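The entries below keep to what I could read off the coordinates.

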Amino acid sequence: MRRLLVFTVMALCLSGCSINRVHTEKTIKEYETDYSSVYAETIQFSGISDKEFENALNGEIEQAVESELVAFDSQASESSDNVRMGNKCVMEIDWEEEYNKNDFISVVEEKYVYTGGAHGSTVRIPKNIDLSELKEVKLSDLFADDGYVNTLNRMINELMTEHSDEYKDLWAKPEIQDRHQTDFYIDDDKLVIFFQPYELSYYARGFVEFPLSLTELSGYMKEEYRRLGMPN
């Protein structure tokens, strides 16, 4: 039985409330049961010119978070006996806005789940949205041809060489594959490629990120996405 249920709405303009930018808002749901603790943010958009697209996007995000909560509640009730003495199953969902200009938004959902064992699991699920085309884009959508994979891998290797101390604990060579098509976000003037925990290193290392210059990548990108590295 849930002992506490709290809904808190944070009306945040995370991008600085520029008139020309879409606004983002977080809704927070917190509750506890005898065997679990939940903190779950849901991000919603306002100010997108196409309201049908905006409503569909917001509905998709809200439904995904609710589905994650339902699945966790079920798993937590079944795993309660396996949780170490004094611990509870835990779910935490956080959203961060990384980029919001030039008709493009990058937001990242980070989800942590613990249902017993030595530690929980953490995953990032980004959404990269082209507002001029009203669509969510994959990594391949940004580039003019398939050669981008070799270019990104080369730049990642160069970054590892330049910052060898930061990446010395990797047990595998980073290589972009089909499963990494959504594992990126835009941050200011960088394309940030990341690898989930355990892909390249131990769990405590967390996410392994490779921030790559959009200016250096510009010549390989589709013309319509060269705007991402430009100041607004």
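What follows are my entries on a helix, a set of strands and the nonpolar cores.

Ground rules. I am working with a predicted model, in which local features need pLDDT of at least 70 and side-chain atom pairs count only at pLDDT 80 or more, while totals for chains, interfaces and linings use all residues. Residues are numbered from 1 along each chain as its sequence is written, and side-chain values use heavy atoms, with hydrogens and water left out.

Helix α1. I took helices (H or I, at least four residues) and strands (E, at least two) as DSSP runs numbered from the N terminus. Helix α1 covers residues 51-79, 29 residues in total, and spans 42 Å from first to last C-alpha, close to the expected 42 Å, where the expectation is 1.5 Å times one less than the number of residues. At its N-terminal end I found D50 as a cap, with a side-chain oxygen 3.1 Å from the backbone nitrogen of E52. Among the buried residues of α1 are F53, L57, I61, L69, F72 and S79; buried means under 20% relative accessible area, exposed over 50% and partly exposed in between, with a 1.4 Å probe and protein chains only. The cover over the buried residues of α1 includes β2, β3, β4, β5, β6 and β7.

S79. Why does S79 count as buried? S79 does so because its relative accessibility is 12%. Its side chain reaches the backbone oxygen of Q75 at 2.8 Å, and, leaving aside neighbours within four places in sequence, S79 is in contact (heavy atoms within 4.5 Å) with C89 and T115.

I counted pairing where DSSP finds at least two bridges between two strands. Strand β8 (residues 184-187) runs antiparallel to β9 with 4 bridges, and F184 stands opposite I193. The two form a hairpin with 2 residues between them, where D188 in the turn has a positive phi of about 60 degrees. On to β10 (residues 208-213): 6 bridges join it to β9, again antiparallel, with K190 opposite S213. In β9 (residues 190-195), 5 of the 6 residues are buried.

Cores. A nonpolar core is a set of buried Ala, Val, Leu, Ile, Met, Phe, Trp, Tyr and Cys residues joined through side-chain atoms within 4.5 Å. The largest has 29 residues, and those with the most contacts inside it are L139, L142, L152, L191, I193 and F210. I noted that α2, β8, β9, β10 and α3 each supply at least two residues of this core, and that α2 gives the most, with 6. Apart from this core lies another of 26 residues, among them F53, L69, V90 and V113.

How values were computed. Polar contact = N/O pair within 3.5 Å; in protein donor to acceptor, adjacent residues only side chain to side chain.
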